[in-house]
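Subject: Structure handover

Hello,

Here is the structure for you to look over. My notes follow below it.

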Amino acid sequence: MCVMAVALQAIHDQTQTGAGPSVIDLEEVGYSYGGGELLTGITLRLAPGSFHFLTGPSGAGKTTFLKLCYGALVPTAGHVRLFNQDVRGLSRDGIAFARRRIGVVHQDCQFLDHLSLAENIALPLTVSGQDRLEAQANLKELMGWVGLSDRMTALPPELSGGERQRAALARALILSPDVVLADEPTGNVDWEMSQRLLQLLVELNKMGKTIMIATHDLGLIRAAKSHVQARVLRISQRRLQLAGADL
Amino acid sequence: MSRFSLSALTDMLSVDTGADRVVPPTGFTARLTLFTAGAMAFLAVFALALSMASGRLASNWRDALAGSATLRISAPAGQMAAQTERALAILSQTPGVAEARALNPDEQRDLLEPWFGPDLPVESLPVPQLIEIRETGDGYDGDGLRLRLQAELPGAVLDDHTRWRRPLVEAAGRLKILGWLAIGLIFGAMGAMITLAANAALAANAQVIQVLRLVGATDTYIARAFVRRFTIRALIGAFAGVIAGLVAVLLLPSAGAEAGILTGLRFQGLDWLWPFLVPPLAAVVAFAATRWAAMRVLEDLS
C-alpha cells in the first residue's frame, strides 16, 4: 500500500511540475462508454524522448488509453493535449495533422489489402502529399531497416505475423513522427522477432522519439530495461499507476 | 460539415492518383452508378425533348392565332353584301387594323369541308360571312370596335381568338413546365441513387477509412477518393445515356403534315446541343451527392 502511494505521488510530481515540454499531456482524463467508466482520473505527461511501457490485464483499457493519446477518442472528462493543443478544440482535420506526428502500431496492424506492402508503408506519405522522390528514398531506407526490402511488392495477406508487425512499425515511422504508440507490437510474433522489434523501438528512442508500448509481455519489459531507461505504467481498476519494482 | 465552395470543388476533383488508389474498386457501386446515370440521362433527354417540343407548340399556337381576329356577319341573304361592305369600311377606318378581307365562298367551303364534306352548297345555305382581320403590331381597341359594330351592324360578332388561344397556350406552357419538372425529378432521383451507392461504398470501405485516419488522412482527402470516382462514373454513364437518348429521339418519326405532339419531339437546330449539358449536370449532382454522403459518414465515424 505504501509502495503504491509513493508510486502515485511520483506520477503526480512528475506530471504536475510542468517542468519541460511535453508531446502528449493527459490531465485528469476519464473515458466512459455505454454508461460504464473505462478510465478515470488519469494524469500523465509524456516528455520528448521518453520511453514508457503500459501494462495491465486484458480489458483494463490499454487500447482505449492509447486511442486517447492519438485523438482517436475524445475524453469524457479532463483534457488531452497533443503537442499543446487540446483535442476538444481540434477539428477533425486538426486531429489528422496531429496524427502525422504520432506513429501508431496497432495490434492487428490494419493494412489496405489491395495495396502492395510498399504502398501501405508509404500511405502516410501519400495522404500527407509529401514529395514523391524523397518519399521513395525514405521508403527504401526504412524497408531495409525493418528487413522487408525483398517484400516491397507483396500484398499484406501474403505476409507473416512478424512481417506485418515490422511493416506496421515502418508505416508508423515513415513520416518520422515525434511519438510512437505501439499496441501489443509483439503480440503475434515469436520471442526472437519480439526482441528484434524491441531493438528497433529502442533505437528510435535513442534518436529522440517518444515511445509508448502497451503490452502485457513482462519479459519484453524486463528485456528492454537492460537497454533503455523506461518507465512502466500500469492500468488497474480504471486508473493509471506506476508499476511495482519487480519490473 | 465543411462549406461547399469552388475551392472545395477543385480540391475534390484535383487529380491525385494516390487518393484514387487507396480505395479499392467496388464493382457493385460502380455498375449501379453507371447504370443510374445512364438511365437517368436517357430519360432526361426525352424530358428535355418533351419540354422543348411543348415550348415550340405553345409558341406556334401563340404566333398562329395571335394578331388575327375574325368578324362573323349574320344577316338575311339580301343584306349580306351590304353589311359586309359596311363592316369592311368600318374596319378600314379602325386604328390598329392592318388588313381586313372577306373570305370568298371557296375559302368558306374549305373551312366547313371537314364537317360537311366537299359538296356543300355554301351559296344556298344561310352561312355567315367571315371577315379575316390582321392587326398591326399595336393592335386595335377590341371593346371600342365591338361597340361600334353593335351600333351599326347588330348581327356582327367579333372573335379575337382569345378563348381558343389561351387554353391551348396554357396547356402547352404547362406541358413545358412538366417537362422541366421531370428533368428536376430525374436529377433528384439520380442524386438519391448515387447517394445510396456512395453510402454503400463508404460502408463497405469502413476499414479503409479507419486505416486512412490512422495514418493522418484528412476528411477531404478521404472524401476525394470517393467523390472523384463517383463523379467520373456519373459523367461517363450520363454521356452514354445521352447518346442513347439522342439516337432514340432521332429514330422518332419526323414531323410531317399530320404531325402531332409525339412526332414533333425531335430537337430542332441548336436545340440538339442542349442534351450535352446533361452529363456535366449529372457529374455536378454526383459530386454534390457523394460529397454530402462522404462527409456525413466521416462525421458519423468520428
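Start with the layout of chain B. The centres of its domain 1 and domain 2 lie 57 Å apart, taken over C-alpha atoms. Domain 1 is made of two segments, 6-55 and 175-301. Domain 2 covers 67-160.

Please keep in mind that this is a predicted model. It scores ipTM 0.83 and pTM 0.73. For chain B, the mean pLDDT is 84. In that chain, 90% of residues reach 70 or more. Among the elements of chain B, helix H9 (residues 219-251) has the highest mean pLDDT, at 93. Helix H1 (residues 6-13) of chain B has the lowest, at 59. Where pLDDT is low, predicted coordinates should not be read in detail.

Now the fold of chain B. There are ten helices and four strands. From the N terminus, the order is α-α-α-β-α-β-α-β-α-β-α-α-α-α. Chain B has 302 residues, and 34% of them count as buried. Take the contacts in chain B with a separation of 6 or more: 86% of these come from residues 24 or more positions apart.

Last, the interface. In it, 18 residues of chain A are in contact with 17 residues of chain B. On the chain A side, the elements giving two or more residues are helix H3 (92-99) and helix H5 (123-128). What is the make-up of the side of chain A that touches chain B? Nine of its residues are nonpolar, four are polar and five are charged.

Best regards

Terms used: Residues numbered from 1 in each chain as written. Chains lettered and ligands numbered in written order. Predicted model: local features only at pLDDT ≥ 70, side-chain atom pairs only at ≥ 80, totals over all residues. Contact = placed C-beta atoms within 7 Å. Nonpolar A, V, L, I, M, F, W, Y, C, P; charged D, E, K, R; others polar. Domains from an automatic or database assignment. pLDDT = per-residue confidence, 0-100. Buried ≥ 20, exposed ≤ 12 C-beta atoms within 10 Å, placed from the backbone.
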